[in-house]
Amino acid sequence: MEFVSPEGLRLDGRRPMEMRQIRGEIGAVAKADGSAFFEMGNTKVIAAVYGPREVENRSQQISDQALVRCEYTMANFSTGDRVRKPKGDRRSTEISLVIRQTMEACILTHLMPRSQIDIFVQVLQADGGTRSACINAATLALADAGIPMRDLVTSCSAGYLNSTPLLDLNYVEDSAGGPDVTVGILPKLDKVTLLQMDAKLPMDIFENVMQLAIEGCKAIANYIRELLLENTKQLEYRRGP
Amino acid sequence: MVGLSVGEKHFIQGGIAQDLRTDGRRRLTYRPFNVETGVIPQANGSARVRLGGTDVIASVKAELGKPSPSQPDKGKVNIYVDCSPTAAPMFEGRGGEELSTELSGALQHCLLGGKSGAGAGIDLSSLVVVEGKVCWDLYIDGLVVSSDGNLLDALGAAIKAALTNTGIPKVEVAVGASGDGLPEVDISDDEYLQFDTSGVPVIVTLTKVGRHYIVDATLEEESQMSSAVSVSVSGQGRICGLIKRGGAGLDPSVILDMISVAKHVSEQLMNKLDSEISAAEACEEES
């Protein structure tokens, strides 16, 4: 199948190095300590953060750092065909783990010993790149909850189809069977915290694809930083002089 | 889940007794709510309802299926509700299952009527394509994103809005289809049928706290309730379903009184909801 037309346009009309429309919103869940809504094209997710608070299960308590937990759930209506999956299938468990490890790397856990931070991500609509969207939403939610972090974490995916590196794959491109590189970075420290790839790719091309994904991450980081700045300004304005 | 001190409990109860609740509302006033339709483009119809701090999404998906042999002239409707862990940490893992089942059951009682399909808010016979062979199966999914009390009323409103937003593709049945096998159908891509949702009831939950009852209780108020009665009332002012929850018993005369109050409140709610839905639909068409 042709994923890039001779004119250099993808199936949804984007250029190979173009990202989908991204949109974020802080404070989607009133009762949570921090929450955010994040949208990458048709992929829509909500993240909520509860904590830091007392550890629920005493045996999991860590004496010198905070316990970070994460759960990823997909709504019944999130995919094209309606499927009723049991909770905690292997895919969700794996993604929960990936998100937890990525977020744990940026939270200053040693500042909050013997406490627990819960991150819940809910996919409302899935159209490829849910992993990345969830990580971006979780970053926003953690920042909203005021949890100390080393840096923001942002994530973006890139792939390689029809001998062209493509940024931010959608569902159709994702299921084409080509390589899919998901990268998460700490943009200010310039460190990679998450790297996943399936399928095979020659070394030199992999470097290009990964560089493309990193560029995507940086663009998202700029957007998230602007969003947080705007939010802080609003909070300051509301507090008054 | 809700940790309240003795003083806070007294404050809530005292406020309700004096007809001035903690957020300044009177006993029979709803919180302001807002409706957004078409939030899930992949579904046939969807809506998001925010009622104070409560936030729910309902989506309607239609699939072609076979009617049940006992009711060949009716389509099927299923309602499922999921409680997302984003709403409360206690819904993590399987923690939300009990509440989800309770809510799904209550909604089925209130909106779909009895087993025979009589008294359903949705006209099930309009879902039939070929009698006894092909019909539409509607899957209504509710998702609780954020919970601040009164989930049932919010879900009921969201489902009504989602059904109003729903377009079912027009189906052409191939002429001369043979008797036994499944008839060939052609699903149209650009012609949609809309539902008549004027008959879909709204749900009004009256929560009894102390000697009085209130509508649209918040999570804190719900934690103080002795019992709650949910009444679903259709646009014509008919009672479609009734559910009592909570431990304490109720005097039959109180229940009758509650029903008449619920009927009165539902008229205002129905008008408000209808205008919100049409505003949301107009807003969606513009964008």
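Q: In what order do the elements of chain A run from the N terminus on?

A: This is a predicted model, in which local features need pLDDT of at least 70 and side-chain atom pairs count only at pLDDT 80 or more, whereas totals for chains, interfaces and linings use all residues. Residues are numbered from 1 along each chain as its sequence is written, and chains are lettered from A and ligands numbered from 1 in the order in which they are written. Helices (H or I, at least four residues) and strands (E, at least two) are DSSP runs, numbered from the N terminus. In chain A the order is β-β-β-β-α-β-α-β-β-α-β-β-α, which comes to four helices and nine strands.

Q: How is the radius of gyration of chain A to be read?

A: The radius of gyration is taken over C-alpha atoms, and the globule rule is 2.2 Å times the number of residues to the power 0.38. For chain A the radius is 18 Å, close to the 18 Å that the rule gives for 241 residues, so chain A is as compact as a globular protein of that length. The C-alpha trace of chain A spans about 55 × 45 × 35 Å along its principal axes.

Q: What is the order of the strands in the open sheet of chain A?

A: Two strands pair if DSSP finds at least two bridges between them. In chain A, five strands form an open sheet in the order E1-E2-E3-E5-E4, with mixed pairing. Strand E1 (22–26) and strand E4 (67–74) of chain A are the edge strands, each pairing on one side only. For angles, axes are lines fitted to C-alpha atoms, for helices over the stretch in contact, and the values run from 0 to 180 degrees between N-to-C directions. With direction ignored, neighbouring strands of this sheet are turned by 15° against each other on average.

Q: Over how many bridges do strands E2 and E3 of chain A pair?

A: Strand E2 (residues 34–40) and strand E3 (residues 43–54) of chain A pair in the antiparallel sense over seven bridges. To find one of these on the model, look for Glu39(A), whose bridge partner in E3(A) is Lys44(A).

Q: Which strands of chain A does helix H2 lie across?

A: Contact between two residues requires that their C-beta atoms, placed from the backbone, lie within 7 Å. Helix H2 (residues 130–144) of chain A lies across E1, E2, E3, E4 and strand E5 (115–125) of chain A, and runs at about 150° to E2(A).

Q: How many helices and strands has chain B?

A: Chain B has five helices and twelve strands. Its radius of gyration is 20 Å, close to the 19 Å that the globule rule gives for 287 residues, so chain B is as compact as a globular protein of that length.

Q: Which strands stand at the edges of the open sheet of four strands in chain B?

A: The order of this sheet is E10-E9-E11-E12 (chain B), with antiparallel pairing. Strand E10 (212–215) and strand E12 (239–245) of chain B stand at the edges with a single partner strand each, so one side of each is left without a neighbour in the sheet. From one strand to the next, the twist averages 20°. Strand E9 (residues 202–209) of chain B is joined to E10(B) by four bridges, and Lys208(B) has Tyr213(B) as its bridge partner in E10(B).

Q: At what angle do helices H3 and H5 of chain B pack?

A: Angles under 35 degrees count as roughly parallel, over 145 as roughly antiparallel, 65 to 115 as roughly perpendicular and the rest as oblique. Helix H3 (residues 151–165) and helix H5 (residues 252–286) of chain B pack at about 45°, with their axes 10 Å apart. H3(B) and H5(B) are therefore oblique to each other. Among the residues that meet are Ala157(B) and Ala161(B) in H3(B), and Leu273(B) and Ile277(B) in H5(B).

Q: How many residues does each chain give to the contact between the chains?

A: The contact takes 27 residues from chain B and 22 residues from chain A. On the side of chain B that touches chain A, the largest share, five residues, comes from E6(B).
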